Amino acid sequence: NLIHKAINAGVRHFDSAWLYGSDRYLGRAIASSPVPRSQLFLATKLITDWAVPGATSVDGESIVVRSGGSETKVSLAEDSTNPADYFEAQLADLNVSYVDALFHHHMDAGEDVFLQTWHKMELL
């Protein structure tokens, strides 16, 4: 596994994003690594439904995102700029309880949406 090779070579910083379709692979590699999670720096990027190319609304309460050859259904809160649902899904895919850095992916959604999302990210 390429991620295991990177860890064995001394890489300790991993940058991920749900849209890259690599979170599950990275999560499995971290879980099976001999290096403790506390010695790895994990950065990821938050997405919201308005920022996901190819996202399909299923029932008004969830979306399906096709990325990296996989399909993921994510439940949405009433407020589609609420990042909690996405962040929880990312943590589950990464198989971790925390990340070291969380960035806002696709900041070009407009200033109002960006600021709303940012303020809600502060609560995570």
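Reader: What relative accessible area does D100 have, and how does it count?
Author: The relative accessible area of D100 is 33%, and the residue counts as partly exposed; buried means under 20% relative accessible area, exposed over 50%, and partly exposed in between, with a 1.4 Å probe and protein chains only. The model is predicted, so local features need pLDDT of at least 70 and side-chain atom pairs count only at pLDDT 80 or more, while totals for chains, interfaces and linings use all residues. Residues are numbered from 1 along each chain as its sequence is written, and side-chain values use heavy atoms, with hydrogens and water left out.

Reader: Which side chain does D100 meet in a salt bridge?
Author: D100 meets the side chain of R37, with N and O 3.1 Å apart; a salt bridge here is a side-chain nitrogen of Lys or Arg within 4 Å of a carboxyl oxygen of Asp or Glu. R37 lies in the loop between α2 and β2, whereas D100 lies in the loop between α3 and β6 (101-104), so the pair ties together parts that are 63 residues apart in sequence. Helices (H or I, at least four residues) and strands (E, at least two) are DSSP runs, numbered from the N terminus.

Reader: And R37, is that one buried or exposed?
Author: R37 is buried, its relative accessible area being 16%.

Reader: How many salt bridges are there in the whole structure?
Author: A search of the whole structure finds three. One of them joins D93 to R24, whose closest N and O atoms are 3.1 Å apart. Because D93 sits in helix α3 (residues 84-94) and R24 in helix α2 (residues 23-32), this pair ties together parts 69 residues apart in sequence. D93 is buried at 14% relative accessible area, while R24, at 32%, is partly exposed.
Author: Another salt bridge is formed by the side chains of D15 and K45, at 2.6 Å from N to O. This pair links distant parts of the chain, with D15 in strand β1 (residues 13-15) and K45 in strand β2 (residues 41-46), 30 residues apart.

Reader: Changing topic, in what order do the strands of the open sheet come?
Author: The order is β1-β2-β6, and these three strands pair in parallel; two strands pair if DSSP finds at least two bridges between them. β1 and β6 are the edge strands, each pairing on one side only. Between β1 and β2 there are three bridges, and H13 stands opposite F41 in β2.

Reader: Which helix packs on that sheet?
Author: Helix α3 packs on the sheet and touches β2 and β6, and its direction makes about 140 degrees with that of β2. Contact means heavy atoms within 4.5 Å, and axes are lines fitted to C-alpha atoms, for helices over the stretch in contact, with angles running from 0 to 180 degrees between N-to-C directions.

Reader: Which residues of α3 are buried, and why do they line one face?
Author: The buried residues in α3 are Y86, F87, Q90, L91, D93 and L94. Seen down the axis of α3, they fall within an arc of 165 degrees, so they line one face of the helix; the arc is that of the directions from the helix axis to the C-beta atoms. The face turned away from the buried side carries the exposed residues E88 and A92.
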